[in-house]
Amino acid sequence: MRYQRHVFVCTQERPAGGKPSCGGRGGVALCGALQREVARRDDLVGVVAVTPCGCLGPCFDGPNLVVYPEGVWLAGATEADVAEIVGYLAGGPVPARLRWDGADGDDDDDDDDDDDGAGGGER
Ligand code: FES
């Protein structure tokens, strides 16, 4: 099966007290809610895949997800945003208030502790 869109949702977990991680801030719940909603919709089953992943890079802005093939990044997403995100996955507009373009070029994430095994490293 070849999906038209693939959503990677950061579910990275880290110990409390250090750099924030998406999993502990709602990323795990967000990923599960997206998977359930996609599975519920006949127009998205087999068309969109939702996969949990390790750190995507902009940890301080999470929970984060990225949608391919477009390469659209969304940040600060929660379960409350699932309907809007799924609307986008079904052909609607990108949720503008969640869109992350890394425009400031600095997420204060310069410690390079790439402990996640995810491709692409941290930004
Ligand atoms: S922990 Fe989610 S982007 Fe780094």
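Visitor: What relative accessible area does phenylalanine 8 have?
Guide: Buried means under 20% relative accessible area and exposed means over 50%, with partly exposed in between (1.4 Å probe, protein chains only). Phenylalanine 8 falls in the partly exposed class. The relative accessible area of phenylalanine 8 is 24%.

Visitor: What kind of model is this?
Guide: Residues are numbered from 1 along each chain as its sequence is written, and side-chain values use heavy atoms, with hydrogens and water left out. Local features need pLDDT of at least 70, side-chain atom pairs count only at pLDDT 80 or more, and totals for chains, interfaces and linings use all residues; this is a predicted model.

Visitor: How many aromatic pairs does the whole structure contain?
Guide: Rings of Phe, Tyr and Trp (its six-membered ring) pair if their centres lie within 6.5 Å; planes under 30 degrees apart are called stacked, those over 60 edge-to-face, and the rest tilted. A search of the whole structure by this rule gives a count of 2.

Visitor: Which kind of pair do phenylalanine 8 and tyrosine 68 form?
Guide: The ring centres of phenylalanine 8 and tyrosine 68 are 6.2 Å apart. Their planes stand at 65 degrees, so the pair is edge-to-face.

Visitor: How far apart in sequence are the parts that phenylalanine 8 and tyrosine 68 tie together?
Guide: Helices (H or I, at least four residues) and strands (E, at least two) are DSSP runs, numbered from the N terminus. Phenylalanine 8 belongs to strand E1 (residues 5-10) and tyrosine 68 to strand E3 (residues 65-68), so the distance in sequence between the parts they tie together is 60 residues.

Visitor: What is the relative accessibility of tyrosine 68?
Guide: Tyrosine 68 counts as partly exposed. Its relative accessibility is 37%.

Visitor: Which kind of pair do tryptophan 73 and tryptophan 100 form?
Guide: Tryptophan 73 is in strand E4 (residues 72-74) and tryptophan 100 in the segment after helix H2 (82-89), so their pair ties together parts 27 residues apart in sequence. Both tryptophan 73 and tryptophan 100 are buried. With 5.6 Å between centres and 50 degrees between planes, the pair is tilted.

Visitor: Where does proline 69 lie?
Guide: Most peptide bonds are trans. The bond from tyrosine 68 to proline 69, however, is cis, with omega near 20 degrees. Proline 69 is found in the loop between E3 and E4.

Visitor: How many salt bridges are there?
Guide: A salt bridge is a side-chain nitrogen of Lys or Arg within 4 Å of a carboxyl oxygen of Asp or Glu. Counted by this rule, the total is 5.

Visitor: Which residue meets glutamate 70 in a salt bridge?
Guide: The N to O distance in this bridge is 2.4 Å, and the partner is arginine 5. The pair links distant parts of the chain, 65 residues apart, with glutamate 70 in the loop between E3 and E4 and, in strand E1, arginine 5.

Visitor: Which residue meets glutamate 37 in a salt bridge?
Guide: Both partners lie in helix H1 (residues 27-40), 3 residues apart, which is about one turn of the helix. At 2.6 Å from N to O, the side chain of glutamate 37 meets that of arginine 40.

Visitor: Which residues do salt bridges that share partners join into one network?
Guide: Aspartate 81 and arginine 97 meet in a salt bridge at 2.7 Å, N to O. Aspartate 81 is buried at 7% relative accessible area, whereas arginine 97 is exposed at 55%. The network consists of Asp81, Glu84 and Arg97.
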